Amino acid sequence: MGDVMIRSRKRKTGTVYEYYFEIAPVNGTRKWTSKGGFKTKKEAKEAGKKAQELYEKAGQVVIPSEMSVSDFFDLWIEKDCRMDLKEVTIAGYEKKIRLYIKPSLGNYRLKAITKPILQDFIKELFNKGLSTNTISSVKGILTKAFDYAADNQYIACSPAVKLKIPINQQPKVPTRSEPHIYIPTDKMSEILNRFPEGTVNHIHLQLGYRCGLRLGEAFALTRADINLDKQQLEVNRQVQWYQDKTRSSNQKRLENGSAKAGDGYWYFSEPKFRSYRIIDIDNELTDLIGREMEKQDKARAYYGTFYKHYYVEVPLICGGKRPEKLPPAMNRLSDNSGMIEIQPLLVRENGEYIAPRTMQHTSSVIHHKLAFTEFDYHSLRHTHATMLLEKGADMVYIQKRLGHVNLSTTNIYTDHLTDTIQTRGFSILNSMYK
C-alpha cells in the first residue's frame with residue numbers, strides 16, 4: 001500500500017487541500033484517485049487514509065456523498081427503479097418517499113445517515129399510528145435505496161440493515177384527536193331501522209356493532225372466513241385502497257370495464273397490528289349471515305355468467321392465526337379471471353363487491369337524516385366493547401375479541417360511563433357498607 005499524499009489548491013476563497021493515492025494500473029498505465037475541498041492538511045490526510053483503506057479492502061474507491069437524502073431518493077427512482085419496475089410500483093414508492101421519508105430524513109446528507117437514525121425514524125412512524133403494512137413498505141424502500149447507494153459507491157455500506165418494526169406494542173401518540181362515542185341502544189335501533197336487512201349497508205353495520213370489527217376488517221371478509229356451524233368468524237386481513245393516478249384510460253377499461261373507473265384499486269393486507277383472530281358470533285348474526293349466503297347462492301345461479309366474480313394474485317391466508325410466512329404487503333382484488341377466485345362476503349345482488357367507501361354515504365345519512373353527527377364506524381367498535389363490559393365480560397375476552405395487543409388499549413375502548421354502568425355502580429355503592 002502506497003502513501004496517501006496531499007497537495008494544495010489555490011481558490012478565490014482561499015487554499016484547500018486534496019488527497020491522492022495510487023490504485024491498480026489499467027493496461028499497464030498507472031492510475032490515481034483523489035478528492036479535494038478539505039480545509040486543512042489533517043482533514044485531507046484522514047479522509048485519504050479512510051478512502052485508501054476501503055479501497056484496499058473492497059477493490060474500489062468509496063467516496064462519501066455530499067448529496068442530500070432528498071436528492072438521492074430522486075436519483076434512485078430515476079436511475080434504478082425506472083429500469084425494471086412497473087409505473088404503479090414506482091408511483092407507490094414516490095408517494096411514500098414524499099409523505100414519510102423526505103419530511104423526516106430529506107435534509108440529512110446521505111453520508112450522515114446511520115442505522116440508529118433509520119431505526120428511530122421507523123419508531124416515529126409507528127408512534128404516529130401508521131399501520132404495520134405502511135411501515136413495512138417504507139422499510140422496504142429504505143432497504144432497497146440504501147443497498148443501491150452502497151452498491152454504487154455513494155456510501156461505504158448500507159445503514160438500512162436489520163431494521164425492526166414494533167409489533168407487540170401500541171403507538172404512544174394517539175392517531176385521533178376526537179374520541180369515539182358510545183352509541184345508545186335506541187339510537188342504534190334507529191340506525192338499523194334506516195338501513196334494514198336487504199340493504200347494502202346492513203351487514204357491515206352489524207359486523208361493527210355485533211363483532212367490533214374495524215372497517216377494513218369487515219369489508220375484507222370472505223365466505224371462507226365464516227363458520228356458521230361453529231358460529232365463528234375469522235379475522236385474517238384488512239382491505240385498503242391504493243391510489244394509482246398513472247393508469248391510462250385503456251388500462252382502466254381493461255381492468256375495470258370503464259375508462260372512467262377510479263384511479264386505483266382495492267387490495268388485501270395483514271390486519272392492523274397483525275391481529276389475526278377467531279371470534280364468536282351471536283345467534284342473530286349467524287342467522288343473518290346464513291340468510292345472506294343463501295341469497296347469494298340463488299343470485300349466482302340466476303345471473304349465471306353475468307354474476308360478478310373476484311380474484312386475488314396470491315391465495316388468501318385463512319385460519320385466524322398469524323402465519324409463519326407473511327402474506328404480500330399488497331394482494332390486489334381484481335375481476336381478472338386469470339388469478340385465484342375468492343368470494344367476498346359483502347356483495348350486491350349481482351355479486352358486485354361492496355367497498356368500504358359505502359360507509360361515506362351511510363355516515364352522511366346518519367349525520368344529516370338521523371341528526372346523529374357524532375357517529376362513525378369505529379364508534380360501533382367502542383359500543384360493542386362497552387356492551388360486553390356492561391354484561392360482565394372479562395377484559396381479556398374483550399381484548400382478544402377486538403384484537404388489541406394489550407389491555408391498556410382495551411381500557412380506552414371501554415372508557416364510556418353508560419347508564420347501565422352508572423346504575424350498577426350506584427347499587428354496589430349502597431351495598432358496600434351493609
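## A buried glutamate, a buried histidine and a helix

Let's start with Glu234: this residue is buried but has no salt bridge, and the nearest side chain of opposite charge, Arg237, sits 6.3 Å away. Keep in mind that what you're looking at is a predicted model.

**Around Glu234**
- You'll find Glu234 in strand 5, which covers residues 232-235.
- A polar atom of the Glu234 side chain lies 2.7 Å from the backbone nitrogen of Gly319.
- If you skip neighbours within four places in sequence, Glu234 is in contact with Leu221, Asp225, Arg277, Ile278, Cys318, Gly319 and Gly320.

**Around His204**
- His204 belongs to helix 7, residues 202-211.
- Its relative accessible area is 0%, so His204 counts as buried.
- The side chain of His204 has a polar atom 3.4 Å from the backbone oxygen of Asn201.
- Not counting residues up to four places away in sequence, His204 touches Phe219, Leu346, Thr358, Met359, Thr362 and Tyr377.

**Helix 12**
- Tyr377, one of the residues His204 touches, is also among the buried residues of helix 12.
- Helix 12 runs over residues 377-390, and its 14 residues reach 21 Å from first C-alpha to last, close to the 20 Å expected at 1.5 Å a residue.
- Eleven of those 14 residues are buried, so helix 12 is largely enclosed by the rest of the structure.
- The buried residues of helix 12 include Arg381, His382, His384 and Glu390.
- Just after helix 12 comes Gly392, with a positive phi of about 95°.

Key: Residues numbered from 1 in each chain as written. Predicted model: local features only at pLDDT ≥ 70, side-chain atom pairs only at ≥ 80, totals over all residues. Heavy atoms only, no water. Helix = DSSP H or I, 4+ residues; strand = E, 2+ residues; numbered from the N terminus. Buried < 20%, exposed > 50% of the residue type's maximum accessible area, 1.4 Å probe, protein only. Lys, Arg positive; Asp, Glu negative; His and termini not counted. Salt bridge = Lys/Arg side-chain N within 4 Å of Asp/Glu carboxyl O. Polar contact = N/O pair within 3.5 Å; in protein donor to acceptor, adjacent residues only side chain to side chain. Contact = heavy atoms within 4.5 Å. Expected span 1.5 Å × (residues − 1).
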